[in-house]
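Subject: Structure handover

Hello,

Here is the structure for you to look at. My notes on what turned up follow below it.

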Amino acid sequence: MMHKRILTALVAGAVVAGCGIGAKAYAAPPTELAVGTTAPNFTLPSQENKDISLSEFKGKWVVLYFYPKDQTQGCTIEAHNFQRDLTKYHALNAVVLGVSLDTVASHKAWCAKDTFNFKMLADPDHKVVDMYGVPLKTFGTMHFANRETFLISPEGKIVKVWPKVDPNVHSTEVLAELTADEKK
């Protein structure tokens, strides 16, 4: 019984504290997509259980951010910062799409609780996570996507990749990159 409590506490602590920090890397992570390559199209369900395809956003900047787990500390900070800056993204002709291995139901509950109104996409089979080469971390039987972001141009090209993200300042970093790219 004591071992079960300890294991439960360790699992909960790993998820809450770091969205997978300290967990080992997924066995065979695919190769991350490089700057200058065409972003692969995909279709995933959103928190409204409506299919969203990358191709819908042709002609717009897309901030495609991968995160470990709904309703965890770092992921909540990052999502709130994107939500806070959403009008700035819209002014730059950009959309924000969050992707995790969580389910539609999990996204729906989190978006309702925290009033997020950008799209959170469910990828429980890590189809898009693998397509973009985002490493997975595993803790026991649970898997989490790395915190990673791709900035996709209106022409559908990857123009910037953030392989390591600080959720506290990431939205500001992405906005700065978008602003610089708009001036080019």
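Start at the residue pair Ile152 and Ile158: isoleucine 152 stands opposite isoleucine 158, which is in β10. Strands β9 and β10 pair in the antiparallel sense, over 4 bridges. (Two strands pair if DSSP finds at least two bridges between them; strands are DSSP runs of E, at least two residues, and helices are runs of H or I, at least four, all numbered from the N terminus.) The two strands form a hairpin with 5 residues between them. Glycine 156 sits in that turn, with a positive phi of about 90°.

Before going further, some ground rules. This is a predicted model, so local features need pLDDT of at least 70 and side-chain atom pairs count only at pLDDT 80 or more, while totals for chains, interfaces and linings use all residues. Residues are numbered from 1 along each chain as its sequence is written, and side-chain values use heavy atoms, with hydrogens and water left out.

Confidence
pLDDT is the predictor's confidence in each residue, from 0 to 100. The chain averages 86, and 83% of the residues score at least 70. Residues 1–29 stay under 50. The model has 36 contacts for that stretch beyond four places in sequence; a contact means heavy atoms within 4.5 Å. Where pLDDT is low, the predicted coordinates should not be read in detail.

The sheet
Five strands make an open sheet: 5 strands in the order β6-β5-β4-β9-β10, with mixed pairing. β6 (119–122) and β10 (158–162) are the edge strands, and each pairs on one side only. From one strand to the next, the twist averages 20°. β4 (residues 61–66) and β5 (residues 94–100) pair in the parallel sense over 6 bridges. Phenylalanine 66 has valine 99 of β5 as its bridge partner.

Helices across it
Helix α2 (residues 73–84) lies across β4, β5, β6 and β9 (148–152), at about 165° to β4. Helix α6 (residues 170–183) lies across β4, β5, β9 and β10, at about 155° to β10. Axes are lines fitted to C-alpha atoms, for helices over the stretch in contact, and angles run from 0 to 180 degrees between N-to-C directions.

Another hairpin
β7 (residues 136–139) and β8 (residues 142–145) pair in the antiparallel sense over 4 bridges. Leucine 136 stands opposite alanine 145 in β8. This hairpin has 2 residues between the strands, and glycine 140 takes a positive phi near 65°.

Best wishes
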